[in-house]
Amino acid sequence: MVLYLFNVAMNYLAHLFLSDGTPASLIGNLLGDFVKGSAVNLYSEDIRNGGVADLRYERLNMQIIKTIFHKTSGFLPSSFSYPD
């Protein structure tokens, strides 16, 4: 449980760190984890732009994780390999 809470906290801190520092960007980067689909259109363009940046970070992060898991799959037990 402690590890999960640490992971959640680090995720939110990373969102804030990767924003451009404006209030709209801070909100938009965090909003990406909570608001999905057409509900995003309820927010201003500046906030939506922060959410778009967050999605880019998330995709890049997943590509990095997949690459690491695929390259280490011969060394790690199958229970640690990333599902395709």
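1. Element order. From the N terminus, the chain runs α-α-α, with three helices and zero strands. Helices (H or I, at least four residues) and strands (E, at least two) are DSSP runs numbered from the N terminus. This is a predicted model, in which local features need pLDDT of at least 70 and side-chain atom pairs count only at pLDDT 80 or more, while totals for chains, interfaces and linings use all residues. Residues are numbered from 1 along each chain as its sequence is written, and side-chain values use heavy atoms, with hydrogens and water left out.

2. Packing of α1 and α2. Helix α1 (residues 2–18) packs against helix α2 (residues 23–31) at about 145°, and their axes are 8 Å apart. Axes are lines fitted to C-alpha atoms, for helices over the stretch in contact; angles run from 0 to 180 degrees between N-to-C directions. On the α1 side, Y12, H15, L16 and L18 meet L26, N29 and L30 of α2, contact meaning heavy atoms within 4.5 Å.

3. H15. This residue belongs to helix α1. H15 counts as buried because its relative accessibility is 5%, where buried means under 20% relative accessible area with a 1.4 Å probe, protein chains only. A polar side-chain atom of H15 lies 2.6 Å from the backbone oxygen of N11. Beyond its neighbours within four places in sequence, H15 is in contact with N29, L30, D33, D54 and E58.

4. Chain totals. Of the 84 residues in the chain, 17% are buried. Among contacts with a separation of 6 or more, 20% come from residues 24 or more positions apart.

Terms used:
Buried means under 20% relative accessible area, exposed over 50%, partly exposed in between (1.4 Å probe, protein chains only). A polar contact is a pair of N or O atoms within 3.5 Å; within protein, one must be able to donate a hydrogen and the other to accept it, and residues adjacent in sequence count only if both atoms are side-chain atoms.
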